[in-house]
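I opened this model to go through its strands and its charged pairs. My notes follow in the order I looked things up.

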Amino acid sequence: MTNHIEIDVETTYLSSESNPEENKYYFLYTVLIKNNGDKRTKLLSRHWVIKDDNGKIQDVKGEGVIGEQPEIKPGEEFQYTSGTMIETSFGTMKGSYHMIDDEDNYFDAVIPEFILSVPRVIH
């Protein structure tokens with residue numbers, strides 16, 4: 001948790017959009033951002049580091065998330081879903097959100113590393 005901002009991520013493998021024969025594995029990730037502090041915050045930009053099992057790294061930076069720069073009031077949360085494609089059946093993502101609070105203090109909320117993985121079947 002950074003500056004009372006809590007971030008939780010859930011992932012889903014989309015087999016219908018993926019093509020393993022062409023090394024294309026598509027994942028959705030749903031992010032829940034909770035403001036556990038006493039100041040309103042605004043998400044200004046994002047930075048993702050996406051790594052596949054071959055060591056290939058995608059460095060993604062941009063304004064806001066899904067076309068928005070949400071303001072999150074104390075005690076409230078913001079949730080969105082987006083997607084990414086990697087070349088292996090396993091990978092990781094991590095990053096940060098650059099944010100500002102209602103007192104004009106800038107900070108980076110850390111997004112802990114999480115796993116992108118095709119579900120495994122155990123016999």
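**Entry 1: a charged pair.** I started at Glu71, which is partly exposed at 45% relative accessibility. I keep in mind that this is a predicted model. Glu71 makes a salt bridge with Arg40, with 2.7 Å between the closest N and O atoms. Arg40 sits in the loop between E2 and E3 and Glu71 in strand E5, so the pair ties together parts 31 residues apart in sequence. Arg40 is partly exposed too, at 34%.

**Entry 2: other salt bridges.** How many salt bridges does the structure hold? I find six. One of them joins Glu87 to Lys56, the closest N and O atoms being 2.9 Å apart. Glu87 is in the loop between E6 and E7, and Lys56 is in the loop between E3 and E4, so this pair ties together parts that are 31 residues apart in sequence. I read 36% relative accessible area for Glu87, partly exposed. Lys56 comes out at 43%, also partly exposed. Glu22 bridges to Lys24, with the closest N and O atoms 3.7 Å apart. I also noted a network of salt bridges linking Lys39, Asp101 and Glu103.

**Entry 3: Asp52.** Asp52 is buried and has none. The nearest side chain of opposite charge is Lys56, 5.8 Å away. Asp52 belongs to strand E3, residues 41–52. Beyond its neighbours within four places in sequence, I list contacts with Ile86, Glu87, Thr88, Phe90 and Gly91.

**Entry 4: partners of E3.** I followed E3 to its pairings. With E7 (residues 90–101) it runs antiparallel over eleven bridges, and Ile50 has Met93 as its bridge partner there. E3 and E4 form a hairpin with four residues between them, and Gly55 in the turn has a positive phi of about 90°. Two bridges join E3 to E5 (residues 71–72), again antiparallel. Thr41 has Ile72 as its bridge partner in E5.

**Entry 5: the three-stranded sheet.** I traced an open antiparallel sheet in the order E1-E2-E6. E1 (5–13) and E6 (77–86) are the edge strands with a single partner each, so one side of each has no neighbour in the sheet. The twist averages 20° from one strand to the next. E1 and E2 (residues 25–35) pair over nine bridges, and Thr11 has Tyr29 as its bridge partner in E2.

Key
Residues are numbered from 1 along each chain as its sequence is written. This is a predicted model: local features need pLDDT of at least 70, side-chain atom pairs count only at pLDDT 80 or more; totals for chains, interfaces and linings use all residues. Side-chain values use heavy atoms; hydrogens and water are left out. Buried means under 20% relative accessible area, exposed over 50%, partly exposed in between (1.4 Å probe, protein chains only). Lys and Arg count as positive and Asp and Glu as negative; His and the chain ends are not counted. A salt bridge is a side-chain nitrogen of Lys or Arg within 4 Å of a carboxyl oxygen of Asp or Glu. Contact means heavy atoms within 4.5 Å. Two strands pair if DSSP finds at least two bridges between them. Axes are lines fitted to C-alpha atoms, for helices over the stretch in contact, and angles run from 0 to 180 degrees between N-to-C directions.
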